Amino acid sequence: MFRFAGLGYAVLLTVINRADYARLGWAWVVIAVMTAWTVATTMAYARPERRTRLLLGTDLVVTAGLLLSTAALQYPSAMARGVMPVTGIWVAGPVLAWAVRYGRRAGAVTALILSGCDFLLRSEAITVVLNGVVLLLLAGVVVGHLARLAAEVETERQHAVEVEAARDIHDSVLQVLAMVQRRGAEAGGAAAELGRLAGQQEAALRSLVGGGAAASPSGEVDLRTLVLPIQSDQVTVSAPAQSVRLEKEAAMELTAAIRAALDNVRRHCGERARAWVLIEDEPGLVTVTVRDDGPGIAEGRLAEAAAAGRLGVSHSICGRLRDLGGGATIRSVPGEGTEVELYLPRGPVARDPGPVARDPGPVARGPAPG
């Protein structure tokens, strides 16, 4: 639209300033070339895949050439008096094109190139040239900024639409899972077990819908978004209201250790055993406590498991945290369940750290059961 408007203005100026042209016939030839190029670029820029650097560069070269042709068309005195070039404001077309495609910096550079061409023509009318420079720079910078801002807003809007569509799908699935859970409980027997499983999946899906583990620019994630999906009918997760920020790798390893502890509960206490996960965010330290209502660990069993080489969970829990500079403490009383405390210092992930000083409480650190 700007190119066509600029073309019309150039035609009007040529008619008004025809007495300033030494070669008026050739001026109309330049106007004809401008018209053809306006139509060609309008068609070319209509397809996003055609908006390449080659096309944009050609646009800039053609426009600069038509602008410089004014030196062969107008009387030198006319250019010295600041008469507009044959192209008029049409020269801003490439500035806007580069700004829209590549942002305000590209628009500013293109504006300076065309301003240099204008200076070659009318160096004697420095005030007029400076006005043109300022206007072209403003056009390139402002339009480039607005174009980039509009693209970001459109991207955010599209993301919001996709998230809303996903939530609609999730809501439909959640309704079906809730219905299966309710009908299964009413029917009893094998259907009740199916309903219980559906309830677990519903709780996990609700946690997933509530947030994601997207990393921030600093590479940190909110630990809550990784742990909350673990919640189910048998597992209750309690977390602070505010985000619990950890380095992404550390958060993933800590979550894996929590899952390993819960798998150990199911393996040794049965599918119906209940477990509670508590996340505590202390200055410089994140602590996660996993507690169950199982039969507990018999005295000496941990030492026996270590002596027998049954260190699978010990590696899954203690080993993961030890590599990150943290550790685990296991407390258990026969008949009163087991409590696994996982602690991880906040900060960059450190490999092969020294021992972390921490009071283990009444029960020393050691491998988890299993």
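1. Contact, in this note, means heavy atoms within 4.5 Å. The buried residues of helix α3 pack in this way against α1 (2–16), α2 (24–45), α5 (92–102) and α6 (104–121). Helices (H or I, at least four residues) and strands (E, at least two) are DSSP runs, numbered from the N terminus.

2. A word on the source. This is a predicted model, in which local features need pLDDT of at least 70 and side-chain atom pairs count only at pLDDT 80 or more, while totals for chains, interfaces and linings use all residues. Residues are numbered from 1 along each chain as its sequence is written, and side-chain values use heavy atoms, with hydrogens and water left out.

3. Now the overall picture. The protein has twelve helices and seven strands. Of its 370 residues, 40% count as buried. Buried means under 20% relative accessible area, exposed means over 50%, and partly exposed lies in between (1.4 Å probe, protein chains only). Take the contacts with a separation of 6 or more: residues 24 or more positions apart account for 70% of them.

4. Back to α3. This helix covers residues 53–68, 16 residues in total. From first C-alpha to last, α3 reaches 22 Å, close to the 22 Å expected at 1.5 Å a residue. The expected span is 1.5 Å times one less than the number of residues.

5. Which residues of α3 are buried? They are L55, L56, D59, L60, T63, A64, L66 and L67. Seen down the axis of α3, they fall within an arc of 165°, so they line one face of the helix. The arc is that of the directions from the helix axis to the C-beta atoms. On the other side of α3, R53, L54 and V61 are exposed.

6. Eight of the eleven residues of α5 are buried, so α5 is largely enclosed by the rest of the structure. The buried ones are A92, G93, P94, V95, L96, A97, W98 and A99. Just after α5, G103 takes a positive phi of about 100°. Helix α6 has 18 residues and reaches 26 Å from its first C-alpha to its last, close to the 26 Å expected at 1.5 Å a residue. Its buried residues include A106, G107, L114, C117 and L121.

7. Where does D20 lie? D20 sits in the loop between α1 and α2. At 14% relative accessibility, D20 counts as buried. Setting aside neighbours within four places in sequence, D20 is in contact with Q74, Y75, A78, R81 and V83.

8. Next, the largest pocket. A pocket is found on a 1 Å grid over the protein atoms alone: it is an open set of points where a 1.4 Å probe fits, with protein on both sides within 12 Å along at least five of seven lines. Lining residues have an atom within 4 Å of a point. About 400 Å³ of space lies in the largest pocket. Volume here is the space filled by probe spheres set on the points, which are joined across faces, edges and corners. Of the 14 lining residues, the closest to the centre of the pocket are R3, Y45, L96, A97 and V100. The elements that give two or more residues to this lining are α1, α2 and α5. The largest share, five residues, comes from α5.

9. Leaving aside neighbours within four places in sequence, I258 is in contact with V227, I230, V277, V288, V290 and L342.

10. Last, a pair of leucines. L344 belongs to strand β7 and is buried, with a relative accessible area of 1%. L285 lies in strand β5 and counts as buried at 14% relative accessibility. How far apart are L285 and L344 in sequence and in space? They are 59 residues apart in sequence and 5.8 Å apart in space, C-alpha to C-alpha. Not counting residues up to four places away in sequence, L344 touches L246, A250, L254, L285, V286, L324 and G326. L344 and G284 are 60 residues apart in sequence and 8.7 Å apart in space, C-alpha to C-alpha.
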